Amino acid sequence: MSQHHPTPPLLLVRAPHGSTRECEIIRTPFTIGRKQDNDLCLEDPAVSAHHARIVQIQEVLFLEDLKSTNGSFVNEQPIDRRQLRDADALRFGTHRVIFRERPGSATEPAIADEVLVTDKTMVIASTSTCETPAPACKVGIVEILSGQTGQSHYPLTRQVSLIGAQDDAVITLTGWFAPKTAAMISRRGDAYMVSQTESGKRILVNGRPIQREHALRHGDVVEVAGITMRFVLRDERSHAA
């Protein structure tokens with residue numbers, strides 16, 4: 001089912017001859033290619049008929065290459081699937097595209113701290129979920145109990161941590177038949193949710209299958225794509241130390 005965005009992100013498209021145009025991502029999946037039936041049509045012999053697409057997983061947008069002849073690139077790195085971030089430079093054939101988020105869009109990043117000065121009083125406004133003197137935030141850690149992964153434990157500091165074999169996965173699977181994306185863990189303040197991706201891989205939490213997504217608790221054991229891992233919460237300050 002397509003998903004619509006009330007404040008859509010924007011693609012700034014630059015053709016080889018230098019002209020530019022804007023294209024809003026008003027729904028997903030959003031297709032890119034040479035044929036007229038694409039959401040973004042690029043008249044370029046180096047672009048495949050159906051070259052790539054932008055998909056949404058929960059609140060995050062990803063660019064996927066559709067096995068194109070000449071590949072899709074993000075910041076000059078060839079990709080199969082890559083999470084999109086504001087100001088990413090995309091390339092399809094000879095066309096260059098800049099991805100821009102919009103205020104209030106689903107993928108809007110956290111706003112950096114701002115310093116507001118009023119007369120003689122300086123007020124610091126922060127969007128951080130950790131505020132002084134409130135108790136320290138908790139950070140999730142995944143400890144690998146069994147299975148083939150890149151390392152033995154992974155801090156879950158991103159908004160979304162992918163589990164899989166693709167380039168931008170946080171928890172990297174290294175098995176011979178490891179899927180590109182097996183699952184994802186999203187962070188919402190101190191809360192963490194494990195959920196399925198489009199691969200539809202079965203996920204067990206404490207031996208029980210989950211439906212779509214599941215809130216993780218300290219000590220939960222998660223099984224997916226041949227790996228078993230334990231989720232733990234630790235004080236963010238002690239982890240950083």
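Reader: How many bridges join strand β16 (residues 138–146) to strand β26 (residues 227–235), and in which sense do the two strands run?

Author: Strands here are DSSP runs of E with at least two residues, numbered from the N terminus, as are helices (H or I, at least four residues), and two strands pair if DSSP finds at least two bridges between them. Strands β16 and β26 run antiparallel and are joined by 8 bridges; within this pair, Val 139 has Arg 234 of β26 as its bridge partner. Please keep in mind that this is a predicted model, in which local features need pLDDT of at least 70 and side-chain atom pairs count only at pLDDT 80 or more, while totals for chains, interfaces and linings use all residues. Residues are numbered from 1 along each chain as its sequence is written, and side-chain values use heavy atoms, with hydrogens and water left out.

Reader: In which order do the strands of the 6-stranded open sheet follow one another, and how do they pair?

Author: The order is β17-β16-β26-β25-β22-β23, with antiparallel pairing. The edges are taken by β17 (153–156) and β23 (208–209), each of which has a single partner strand, so one side of each is left without a neighbour in the sheet.

Reader: Which strands make up the open sheet with mixed pairing?

Author: That sheet has 5 strands, in the order β19-β18-β20-β21-β24. The pairing of β18 (residues 160–164) with β19 is parallel, over 2 bridges, and Thr 172 in β19 is the bridge partner of Gly 164.

Reader: Which residues have the most contacts inside the largest nonpolar core?

Author: In soluble globular proteins, nonpolar side chains tend to be buried together. A nonpolar core is a set of buried Ala, Val, Leu, Ile, Met, Phe, Trp, Tyr and Cys residues joined through side-chain atoms within 4.5 Å, where buried means under 20% relative accessible area, exposed over 50% and partly exposed in between (1.4 Å probe, protein chains only). The largest core has 25 residues, and those with the most contacts inside it are Ile 163, Ile 171, Ile 185, Ile 203 and Met 229. Among the elements that give two or more residues to this core are β16, β17, β25 (221–224) and β26. Apart from it lies another core of 20 residues, including Cys 23, Phe 30, Val 47 and Ile 54.

Reader: Is Asp 88 buried or exposed, and which side chain of opposite charge is nearest to it?

Author: Charge is assigned by residue type (Lys and Arg positive, Asp and Glu negative, with His and the chain ends not counted), and a salt bridge needs a side-chain nitrogen of Lys or Arg within 4 Å of a carboxyl oxygen of Asp or Glu. Asp 88 lies in the loop between β11 (81–83) and β12 (89–92); Asp 88 is buried yet has no salt bridge, with Arg 85, the nearest side chain of opposite charge, 5.6 Å away.

Reader: Where in the chain do Lys 67 and Glu 76 lie?

Author: Lys 67 is in the loop between β8 (60–65) and β9 (72–74), whereas Glu 76 is in the loop between β9 and β10 (77–79). Although Lys 67 is not a glycine, its phi is positive, about 55°, and Lys 67 is exposed, with a relative accessible area of 81%. Glu 76, also not a glycine, has a positive phi of about 65° and counts as partly exposed at 42% relative accessibility.

Reader: Which residues does a cis peptide bond join?

Author: Thr 28 and Pro 29 are joined by a cis peptide bond, with omega about 0°, and Pro 29 lies in the loop between β4 (27–28) and β5 (30–33).
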